[in-house]
Amino acid sequence: MAPAFGLTPFRVKRWRSFWRLCRVSLLTLFGLSAGLIIAHALSQPVTLRVLMAAPDVPPWNAVMVKAFEAQNPGIRLQIVEGPNATNLIEDLYTSAFLLGDSPYDLINMDVIWTPKFAAAGWLVDLTDEFSQAELDAFSAPDVEGGKYQGRLYRLPIRSDAGMLYYRTDLLEKAGYQPPQTFEELIKISKDLQRKGWVRWGYLWQGRQYEGAAAMFVEVLKGFGGYWVNPDTLEVGLDQPAAIRAVEFLLGTIQDGVSPPGVTTYIEEDTRRIFQNGEAAFLRSWPYVWTLANADNSPIQGKLGIMPMIGSAGNEGGSCLGGWGLGISKTSRHRKEALQAIRFLTQGELQKQFILEAGYVPSRRDLFTESDIVAKYNYFPQFLEVIQRAVLRPPIAQYAQASDILQRYLSAALTNQMTAERAMQEAARETRLLLEAGRRRQVVGGRKEA
Ligand code: GLC
C-alpha cells in the first residue's frame, strides 16, 4: 500500500527531523528573546518618585538626589515639584492615594500628616525596620511626629520651628534690644515706622491655609491658650486667651503695623517683603535665614533670629514643623524606597542638606556639629527650642480641624466676623468633628469586639 500522502518512509523521516529542527530553533529563539527582555527590564533603573513643595526642590536636587543616585546605582530619585503651600501638597497626595494606585513611592510628609495618612492605611509600617537606638539619634518630637498609635510610619529628614526674625541694624541704631514680648515688638515696630526706616513693622502669614494655623498656635501659646488637647480632646478655641490671640493679630493690621495684605500672604510673600528691607520683624521658618543672607539680598548680614515670643507674662512657643519620609503602600519598589529612606536620613547627608539650605536638623548631634555651628551660630540653642515646641494637635482628623480653624481665623482677620464669634463657631465645629470621630471609634470598637 502507498504510504500516506504519497511519501516514502524515507521522506517521512526527513520531514520529521526537519520539523524537530524547526521546533528546537523556535524554542531557542523564544528563550533567547525572553531572556533579553528580562535582562533589559532588570538593567532598567528603578525610579522612585516623590512629590514636594517647590521651595524644597533646589536643595533636594543639589544634595539629596545627587548623592543618592551616585551611590545607589540602579535607582533613580525623581522629584516632582508641587505648589508652595503644604496643604496643597497634602491634597495632591491624598487624591493620589484615594485613586488607589499612588504614583509616588516615597511620601515627603509634613509633621502633621502622619496620623491621617496612617489611619487611612496608606503608609507602610516601618516600626520593625528601625531600632530604638537608630531612632534615639533624632530629636524626640520629630520621631513622635512620625508615629501613629505607637507605630512608626515616617523618618524625619529635617525639623522646623517658627522663628522671629528682626533687623539687627535698625534695632541697634534705635537703641533697642530684640523684643521679649508681643507688646515690645509692637512698640518697636511703631517707632521704626514713625522714623520712616521701614514701611511695615511685623509680617506674618494670614492666608487661609495651613501656614496660618502654624502661625496661630504660636500666638495662642503666647497668650496662654491652646487649640485641642490631644489627650482629652478638649477644645480651647473659645477661651478668652484664644480670643485675645485673634484680637492681637487683628490689631497689628488695624494699627498699620502689619500690611492689610497679610491676610493673603504665605511664607514666600512675607519673605520677599522682609528681604526687600521693607519690614522690621518677620515670623517665619529657618529656611529664610539662608536666602535673606545670600549675596543678592539687600538685608544680608542685617538680620537676627530668635525663638517665638509671647505676650507679657506668658511664655512664647515656636510651632513644631518638619518633614520626613514614608513609603506608599501601593509602591512597587518598597525595598528600594526603604533603602532610600536609610540613605537620605543618614547624618553626613543631612549635614550637607542643612549647610545648603539652613533647615533645622532632625538629628540631635548636628545641632552642635562644628561646620554647621560655624555657618549657623544660633543652632545650638535650637535643640531646646525644638524639644519645647508647640505642636499642632496630633490627631487623625487634623486636616479637618485645621480647615475649620483656618476658615474662622480668616473670617475674623478679614472682618467678616468678630474675633469672639469666629472663635466660638470654630470651637463648636471642632467639637462636633471630634465628637463624630469619637462615635466612629466606639462603633468601630464594638464591631471589632
Ligand atoms: C513649614 C513647616 C510645616 C508647616 C508649613 C506651613 O513647611 O515645616 O510643618 O506645616 O511650613 O506652611
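The model is predicted: local features need pLDDT of at least 70, side-chain atom pairs count only at pLDDT 80 or more, and totals for chains, interfaces and linings use all residues. Residues are numbered from 1 along each chain as its sequence is written, and side-chain values use heavy atoms, without hydrogens and water.

Seven of its seven residues are buried, so S6 is largely enclosed by the rest of the structure. Buried means under 20% relative accessible area with a 1.4 Å probe, protein chains only. S6 runs antiparallel to strand S11 (residues 320–327), and six bridges join them. Strands pair if DSSP finds at least two bridges between them. Arginine 158 has tryptophan 323 in S11 as its bridge partner.

Now the largest cavity. A cavity is a set of points on a 1 Å grid over the protein atoms alone where a 1.4 Å probe fits but cannot get out; lining residues have an atom within 4 Å of a point. The lining has 24 residues, and Asn84, Asp160, Glu267, Trp285 and Trp323 lie nearest the centre. Domain 1 (46–153 + 321–387) and domain 2 (162–317 + 393–444) both give residues to this lining, so the cavity lies between them. The bounds come from an automatic or database domain assignment.

| Lining class | Residues |
|---|---|
| Nonpolar | 11 residues |
| Polar | five residues |

Gly counts as polar here.

Last, valine 111 is buried, at 10% relative accessible area. Its C-alpha atom is 7.2 Å from that of glycine 324, 213 residues apart along the chain.

Definitions and conventions:
Buried < 20%, exposed > 50% of the residue type's maximum accessible area, 1.4 Å probe, protein only. Helix = DSSP H or I, 4+ residues; strand = E, 2+ residues; numbered from the N terminus. 1 Å grid on protein atoms, 1.4 Å probe; cavity = no way out; pocket = protein on both sides within 12 Å on 5 of 7 lines; lining within 4 Å.
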